[in-house]
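Hi everyone, thanks for making time this morning. Let me put the model up on the screen, and then I'll walk you through it.

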Amino acid sequence: ADIAQDGAQGQRHLDKPHIGQIAVMAHQCATHGLHRIAAEETELGLRVFFLKSSHEAGGVEVAGSFAGYEHFGENVIKYSHDGASYIDKTAKDVWVDTFEMGSPKAYVSGEYACIYDAQGSQIRIYGTEGLLGNITTVQPVTKAVVAESGVCAAILEDNDASYITFFKKDGTDLDITIKSRLDGDGYPIDIALSPEGTQLICSFAFLDGGALRSKVIFYDFSEIGKNVPNRLVGGFEENFRDSLVPRVRFINSVYSYAVADSGVYIFSSKNISSPELVKVIETGERIESIANMKNHLAVIYTDLVMDEVTTDDDGNEVVNHVPAENSSSYRLVVYKEDGSILFERIFDNRFDTLTADDSFIYIIGNENLTILSMQDIVKYSDYVEDPARMITHSSTPGAFIFSGTSYMREYQFK
């Protein structure tokens with residue numbers, strides 16, 4: 001990768017189909033291997049009305065062409081093709097921002113969020129108080145992320161290469177660019193920033209002798225990274241040669257993870273100049289969904305396997321991975337930041353979405369819902385009349401805010 005800190009970008013002419021070929025192959029592999037890492041989005045025309053019934057504290061229908069909700073600060077941000085609104089726990093708009101995007105996507109870190117137009121040219125950066133920066137790019141945007149400090153990074157692409165560029169929270173360019181050539185480093189699949197915005201983790205897909213390979217790279221933009229060529233402080237390829245890595249995230253300032261179809265991989269940046277792979281979690285099961293919160297990571301597996309312990313002819317224990325008897329079950333595992341297990345449980349209810357905040361884990365199905373505390377206490381597990389797209393706990397003790405495609409309601413659980 002080439003890093004330009006003065007905005008300068010070299011040019012090399014490659015055939016245009018190459019970047020599309022890698023992108024399509026990467027998308028297909030990611031979709032096949034990790035079914036519910038990204039929730040499916042729909043577009044609906046909605047009307048406004050107020051609804052109240054005996055088991056609901058209150059609710060309001062939300063108008064607009066719906067795209068999605070994200071946890072943001074103490075509340076939620078709702079975004080659509082024509083704007084975004086920050087909605088408090090009484091279903092009132094704290095602020096509203098209007099725009100036009102063909103394919104809006106959102107990314108949230110703490111008190112900052114960015115909404116970008118995938119394959120478009122807009123990136124908008126928000127604080128909980130409202131719009132902070134509005135960015136218009138020359139190249140199409142394929143991904144944008146934001147750090148807890150408000151620093152934003154985006155993947156841009158043209159016919160020849162991809163560029164990871166950086167912006168301040170007010171939208172001004174930081175004059176830092178990582179250029180990736182398709183015949184060299186490959187195509188960036190996912191990126192994430194450390195909470196401070198000084199370290200970047202990136203997964204790349206690249207072609208090696210006609211085979212699609214992957215690798216995970218760390219860059220550092222603090223004073224420590226200045227002393228390292230291209231600010232590249234860590235690279236990991238061996239574990240990902242036969243897998244695609246569609247998701248990378250920071251759990252906190254020290255720990256981060258990468259998700260491949262082969263498993264979950266935990267990294268430590270205690271030594272900023274030399275990140276380490278500290279935990280490999282390869283269970284042999286299929287990863288269905290992942291949600292991360294501060295200092296923890298929740299993973300749902302299916303195609304479950306069990307450890308069967310036998311002994312060989314010499315009397316030594318041998319651990320074999322065998323299919324579970326009930327293959328329709330799911331396994332939820334909550335990991336600590338270092339990859340050690342906090343708790344796990346088996347459940348049978350089909351689900352559509354896994355979300356979490358720092359206090360609760362929400363397993364959302366079409367007609368069922370399970371809410372778990374971080375102490376593995378079931379707060380609720382039963383039928384729900386209206387499926388929710390987003391759930392967050394309310395300021396009312398024992399209550400939760402349900403955000404659906406067309407409503408927000410508060411439910412009280414004993």
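Some housekeeping before that. This is a predicted model, where local features need pLDDT of at least 70 and side-chain atom pairs count only at pLDDT 80 or more, while totals for chains, interfaces and linings use all residues. Residues are numbered from 1 along each chain as its sequence is written, and side-chain values use heavy atoms, with hydrogens and water left out.

So, the sheet. Four strands make an open, antiparallel sheet in the order β16-β17-β18-β19. Strands here are DSSP E runs of at least two residues, numbered from the N terminus, and two of them pair if DSSP finds at least two bridges between them. β16 and β19 (232–236) are at the edges with a single partner strand each, so one side of each has no neighbour in the sheet. From one strand to the next, the twist averages 20 degrees, with axes being lines fitted to C-alpha atoms and angles running from 0 to 180 degrees between N-to-C directions.

Let's go across it. β16 (residues 187–193) is joined to β17 by six bridges, and P188 sits opposite F204 in β17. Their hairpin has five residues between the strands, and there G197 takes a positive phi near 80 degrees. Next, β17 pairs with β18 (residues 211–220) over ten bridges, with Q199 opposite D220. This hairpin has two residues between the strands, and G209 has a positive phi near 65 degrees. Finally, four bridges join β18 to β19, where Y219 faces L232.

How many of the ten residues of β17 are buried? Eight of them are, buried being under 20% relative accessible area with a 1.4 Å probe, protein chains only.

Now the cores. A nonpolar core is a set of buried Ala, Val, Leu, Ile, Met, Phe, Trp, Tyr and Cys residues joined through side-chain atoms within 4.5 Å. The largest has 45 residues, and I123, I164, F166, L200, F240 and F267 touch the most other members. Strand β13 (residues 152–157) gives the most to this core, five residues. A second, separate core of 16 residues includes A298, Y330, L354 and I363.

Last, the serine. S256 lies in strand β21 (residues 255–260) and is buried, at a relative accessible area of 0%. Beyond its neighbours within four places in sequence, its contacts (heavy atoms within 4.5 Å) include I201, F218, R249 and F267.

Note on methods
Buried < 20%, exposed > 50% of the residue type's maximum accessible area, 1.4 Å probe, protein only.
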